[in-house]
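Please look over the sequence and the model shown here. The text below then goes through them step by step.

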Amino acid sequence: GVINKVLTLDQSKNATFAGKIIAGVGASAQATINAFSTTVSTNLYSALRVIDNTSASSYWDIGATGGSSTLLNFYHNSNTTPKISFTHLGGATFAGNVGIGTVSPDLTGFGYTTLTVVGGTIPGYAGVLELGSPTTNANGQNLGIIAFMDGSTRNAQIDVQRATSTSTAKMSFYTNSGSGIAERMRIDTNGELDITGGGRIL
């Protein structure tokens with residue numbers, strides 16, 4: 001038969017596997033990687049450290065917090081606050097800027113936490129932000145909402161609602177005068193502009 005090398009151990013105590021590393025067999029098996037124990041989180045039971053291949057000056061610690069609502073956290077270097085967290089429901093939280101189609105978000109240098117969407121590699125392929133609902137809406141239901149927050153207070157909002165069919169919509173603009181947001185202006189399906197509350201055009 002053919003003999004294949006599957007594991008190599010060197011003098012520096014490094015192990016190289018020719019294939020995958022699999023822990024546990026079957027759905028009920030306990031498969032846990034305890035490659036590195038860290039104290040970056042009191043609930044961090046185990047962690048895997050990924051180190052730069054040229055030095056140990058830059059690394060990521062990856063670990064899951066306990067409890068029924070498990071989080072998969074990514075810590076960079078010695079930071080005790082995760083840079084990225086994924087929830088067991090599929091949600092994600094990022095500590096900094098987010099770039100889609102770019103590795104350098106905040107292109108104009110706002111300096112704030114920024115979501116940057118860049119299109120393709122040829123002219124005219126701009127970044128696109130799509131807001132939608134999972135199924136066909138009924139008339140009057142929201143198609144997309146952008147809210148402007150001051151902490152947990154909603155100070156302003158732009159939303160689009162379905163009007164009378166799947167191909168008609170109206171866009172509404174809201175502001176908050178201190179007692180909750182209220183609609184101030186609306187662009188109807190026919191392009192007419194409605195201003196509520198006795199508004200003026202200056």
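Predicted model: local features only at pLDDT ≥ 70, side-chain atom pairs only at ≥ 80, totals over all residues.

Residues are numbered from 1 along each chain as its sequence is written, and side-chain values use heavy atoms, with hydrogens and water left out.

The chain has 14 strands and 0 helices. Both kinds of element are DSSP runs numbered from the N terminus: helices are H or I with at least four residues, strands are E with at least two. Buried residues account for 14% of the 202 residues in the chain; buried means under 20% relative accessible area, exposed over 50%, and partly exposed in between, with a 1.4 Å probe and protein chains only. The accessible surface of the chain is about 15200 Å², and carbon and sulfur atoms contribute 55% of that. These areas come from the Shrake-Rupley method with a 1.4 Å probe, and for residues only the protein chains shown count as cover. Of the contacts between residues at least 6 apart in sequence, 8% join residues at least 24 apart, a contact being heavy atoms within 4.5 Å.

Strand E4 (residues 59–65) runs antiparallel to strand E5 (residues 71–76), and 5 bridges join them. Two strands pair if DSSP finds at least two bridges between them. Asp61 has Tyr75 in E5 as its bridge partner. E5 is also joined to strand E6 (residues 84–87), again antiparallel, by 4 bridges. Here Asn73 has Ser85 in E6 as its bridge partner.

How many aromatic pairs are there? The count is 1, where rings of Phe, Tyr and Trp (its six-membered ring) pair if their centres lie within 6.5 Å, and planes under 30 degrees apart count as stacked, over 60 as edge-to-face and the rest as tilted. The ring centres of Phe74 and Phe86 are 5.9 Å apart and the planes are at 75°, so the pair is edge-to-face. Because Phe74 lies in E5 and Phe86 in E6, the pair ties together parts that are 12 residues apart in sequence. Phe74 is buried, at 19% relative accessible area, whereas Phe86 is partly exposed, at 33%.

Finally, Ile146 lies in strand E10 (residues 142–150) and is partly exposed, with a relative accessible area of 38%. Ile146 forms a nonpolar surface patch with Ile100, Leu115, Leu129, Leu131 and Phe148, together about 590 Å² of accessible area.

Patches are made of residues with over 30% relative accessible area and no salt bridge, joining like charges within 9 Å and nonpolar side chains (Val, Leu, Ile, Met, Phe, Trp, Tyr) within 5 Å. A salt bridge is a side-chain nitrogen of Lys or Arg within 4 Å of a carboxyl oxygen of Asp or Glu.
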